[in-house]
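Here is a short report for a reader who is new to this structure. Please look over the sequence and the model before reading on.

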Amino acid sequence: MHITTKALVLRGVDYRESDRILTLFTQEQGKLTVSARGCRKKGSAIAAGCQLLAWSEMVLYDYQGRWAVKEASTERLFQGIRDDIGRLALGCYFAEAAELLAVEGEENSELLSLILNSLHALDRMQEKPLSLVKAAFEWKAMALAGYEPLIDGGRVSGEGVSLSLSTPALAALDHILHGDPKRLFSFRLKREDLTQLADAAEAYVYTQLERGFSTLDYYKSLSI
């Protein structure tokens, strides 16, 4: 049995001498765990498409009860992210969060679109502050995962958390949650308002998911 799908590589774990286990975010079947046999061999035809954060068209086949990569044709590597350690660290955080929020075998086009749009912003919209892209991703991801915050007066709240935000920050949050997804990052804030929005987003993610992320810790260690 074979399937052809476009997929984003969210995670890769090396095993054996030349293989890798991949976590993919596919268009049709959501999150899938697959094996990429021989992808670490020199000259492997699937190596490029099996890189972390690569967006590729893949042919998968059933190999001993698990999906395996037969072909991988790279469509986008987000090179602008790979060329900058801060953007790469943030992209890896987006991937780790998406891996947690996606459900194995369940299509989730909205979350897939969100991470692809966020990676595009990191790659091509380099005039946007990283904190703006990060905050927009976090708030929207939480909403798509069923943790949409309540905006009431000058506060934003969810299970076990209530945070005060300035009027401009609240307006930006409303745009993120309810605006056109294609214009997710099309807002501007003064430094102090953006700091409020970004700090609140990170706190909200932590309290709703009750866990941290190693990729986020690394990103913050860069002091960007």
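Two strands pair if DSSP finds at least two bridges between them. That is the sense of pairing used below for this predicted model.

**The barrel**

Five strands form a closed barrel. Their order is S1-S2-S3-S5-S4, and the pairing is mixed. Neighbouring strands of this sheet are turned by 50° against each other on average, direction ignored.

Start with Ala7. In S4, its bridge partner is Ser56. In S2, the partner of Ala7 is Thr26. Ser56 in turn stands opposite Thr74 in S5.

| Strand pair | Bridges | Direction |
|---|---|---|
| S1 and S2 | eight | antiparallel |
| S1 and S4 | seven | antiparallel |
| S4 and S5 | nine | antiparallel |

S4 covers residues 55-63, and S5 covers residues 66-76. S1 spans 2-15, and S2 spans 19-26. In a regular strand the side chains alternate between the two faces of the sheet.

Most residues other than glycine have a negative phi. Where does Arg16 lie? Arg16 is in the loop between strand S1 and strand S2. This hairpin has three residues between the strands. Arg16 is exposed, because its relative accessible area is 64%, and the cut-off for exposed is over 50%.

Glu210 also has a positive phi, near 55°. Glu210 sits in the loop between helix H6 (191-209) and helix H7 (214-221). Glu210 is exposed too, with a relative accessible area of 69%.

**Cysteines without a disulfide**

How many disulfides does the structure hold? The number is zero. A disulfide is a covalent bond between the sulfur atoms of two cysteines. Here the count requires the two sulfur atoms to be within 2.5 Å.

Take Cys50. The closest cysteine sulfur to that of Cys50 is in Cys39, 5.0 Å away, so the two are too far apart for a bond. Cys50 is buried, with a relative accessible area of 1%.

Now take Cys92. Its sulfur has the sulfur of Cys50 as the closest cysteine sulfur. The separation is 16 Å, which is too far for a bond. Cys92 is buried as well, with a relative accessible area of 17%. The cut-off for buried is under 20%.

**The cavity**

The model has one cavity of 30 Å³ or more. The volume of the largest cavity is about 40 Å³. Which residues line the largest cavity? They are Tyr93, Ala97, Leu101, Phe137, Glu138, Ala141, Met142 and Val205. Helix H2 (85-101) and helix H4 (130-147) are the elements that give two or more residues to this lining. H4 gives the most, with four residues.

By class, the lining has seven nonpolar residues, no polar residues and one charged residue.

**In brief**

The strands form a closed barrel of five. Arg16 has a positive phi in the hairpin of S1 and S2, and Glu210 has one in the loop between H6 and H7. The structure has zero disulfides. Its largest cavity takes two or more lining residues from H2 and from H4.

Technical notes: Residues are numbered from 1 along each chain as its sequence is written. This is a predicted model: local features need pLDDT of at least 70, side-chain atom pairs count only at pLDDT 80 or more; totals for chains, interfaces and linings use all residues. Side-chain values use heavy atoms; hydrogens and water are left out. Buried means under 20% relative accessible area, exposed over 50%, partly exposed in between (1.4 Å probe, protein chains only). On a 1 Å grid over the protein atoms alone, a cavity is a set of points where a 1.4 Å probe fits but cannot get out, and a pocket is an open set with protein on both sides within 12 Å along at least five of seven lines; lining residues have an atom within 4 Å of a point. Grid points are joined across faces, edges and corners, and a volume is the space filled by probe spheres set on the points. Ala, Val, Leu, Ile, Met, Phe, Trp, Tyr, Cys and Pro count as nonpolar, Asp, Glu, Lys and Arg as charged, and the others, Gly among them, as polar. Axes are lines fitted to C-alpha atoms, for helices over the stretch in contact, and angles run from 0 to 180 degrees between N-to-C directions.
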